[in-house]
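User: Hi, I'm new to this one. Could you walk me through it?
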Amino acid sequence: MDYILQPWPWYVSGPCIAIVMYLLLYFGKTFGMSSNLRTMCAIGGAGKRVAFFNYDWQNHKWNLVVVLGAIVGGFIAHYLLSNPINMDLSEATIKDLSALGFSDVGQSLLPPELFSWDAVFSIKGISILVVGGFLVGFGTRYAGGCTSGHAITGLSSLQLPSLIAVIGFFVGGLIMIHLIFPILF
Amino acid sequence: MGKYIKFFSVGIFFGIVLVKSEAVSWYRIFEMFKFQSFHMYGIIGTAVTTGIIILLLSKNKKIKTTEGKSLRVPLKDRGFTRYMLGGIIFGLGWALSGACPGPMYILIGTGAFSILIVIAAALLGTYVYGLLKDKLPH
C-alpha cells in the first residue's frame, strides 16, 4: 500500500499511459483528450455558426465518459491514494522558480502564485490562465491533437506528422519557459 | 449505459496515473522544459516505447477490437505547417498553463477549480480555431 501512496516513478507511470492508449484502441476508439474540447463546442451549439463543429457529436460521447472518469480518478488519487504532497522536484527547478518569485515550490500540485483565488482575481493572474488555455485549445485543434493524440498515440504508431507536432510542442514550450517567463515573472 | 462503464473505468485509471505520476503538476512541466529532471522524459519515453511494443505485438497477433474490427491506429493526414505551427502554439500554452487537455480535466478532481478558467479558455481557443480554420495555412 505504501508504494501506491508514494508518488509513482516514471517507469511505472509511462507504461500505464500506454495501457490506457491501447485499451481505447482495443475498444475501437482512440486516445485523444483534446477532441473533447471540440465535442463540447459542438454540444454547446457551435455547429450552427461554424461548420467545423457541425458533425455528429453523439458518436464522441464515449470520450466525454473517459473525461468524467479521469476527473473521478483525479479525485481518488489526490484524496484517497496520496500522502501529503511534497514533490521531489530537482533542486535547480526550486532555485529557478524561487528566483522568479515563486514560494513553497512543489508543496502542492499547482503554484498558488497562478492558481489560488487571489491570483485568479488579479489581472495578471487571470490573463496567464486565459492566454495559456486559449493557446492550448487553439494549438491542439490546429495541430490535430495534443499530448495524448500526438505524443503518445502518434509516436507509438511511428507517424511522422505526430513527430513534427511533438517537436512543435517543445519549440513552443522552450520559447515560453526560456524567453517569455523571464519577462512575465 | 453499460457500454460506457469500460470508458469510465479507463478514465479513472488514466486520472489516477496522471496524478500519481505528478504529470498533472505545473511544476513538472516547468522542470521538463528546463531539462532539470528526467522524470517527464521518463514518463513520455516509457509510454511511447511500451506503446510501440504493444502495438507491434497486437498487429503480430492480429488482435481484433471488441467490435470485431482489426485494431488500427487512425493515420494522421500528411502535412507540415499545421503540425509545426499548431504544435508551437500548443507548446506555448502548455508551458504557460502547465496543463495539456488531459490534466486539465483531471485537475478538477483534485479540487483545483481555478483550472475551470483554463478549460473555458481552451474551449474558446478551439472555437476560434474552428472559426478561422479555412483561413489558416495547413
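Predicted model: local features only at pLDDT ≥ 70, side-chain atom pairs only at ≥ 80, totals over all residues.

User: What scores does the model get?
Analyst: Its ipTM is 0.96 and its pTM is 0.96. For chain B, the mean pLDDT is 97, with 100% of the residues at 70 or more.

User: Now the two chains together. How many residues are in contact?
Analyst: On chain A there are 108, in contact with 99 residues of chain B. Helix α8 of chain A, residues 123–143, gives the largest share of chain A's side, with 17 residues. Sorted by class, that side has 75 nonpolar, 30 polar and three charged residues.

User: Let's zoom in on a helix. Why does the span of α2 in chain A agree with what it should be?
Analyst: Helix α2 of chain A covers residues 10–26, which is 17 residues, and at 1.5 Å a residue it should span 24 Å. Its end C-alpha atoms are 24 Å apart, so the two agree.

User: Which of its residues are buried?
Analyst: The buried residues of α2(A) include A:W10, A:C16, A:I17, A:M21, A:Y22 and A:L25.

User: What covers them?
Analyst: The cover for the buried residues of α2(A) includes α9 (147–156) of chain A, along with α1 (2–20) and α3 (39–60) of chain B.

User: And what comes after that helix?
Analyst: α2(A) is followed by A:G28, which has a positive phi, near 85 degrees.

User: Switching to chain B: where does UniProt place the "transmembrane region" feature?
Analyst: The unreviewed UniProt entry places it at residues 39–58, 79–99 and 105–132 of chain B.

User: What does the model show over the 39–58 and 79–99 spans?
Analyst: In chain B, residues 39–58 are 100% helix and 0% strand, with the end C-alpha atoms 28 Å apart. Residues 79–99 of chain B are 81% helix and 0% strand, and there the end C-alpha atoms lie 26 Å apart.

Definitions and conventions. Residues numbered from 1 in each chain as written. Chains lettered and ligands numbered in written order. UniProt positions renumbered as here; feature names shortened; annotations may be inferred. Helix = DSSP H or I, 4+ residues; strand = E, 2+ residues; numbered from the N terminus. Expected span 1.5 Å × (residues − 1). Buried ≥ 20, exposed ≤ 12 C-beta atoms within 10 Å, placed from the backbone. Contact = placed C-beta atoms within 7 Å. pLDDT = per-residue confidence, 0-100. Nonpolar A, V, L, I, M, F, W, Y, C, P; charged D, E, K, R; others polar.
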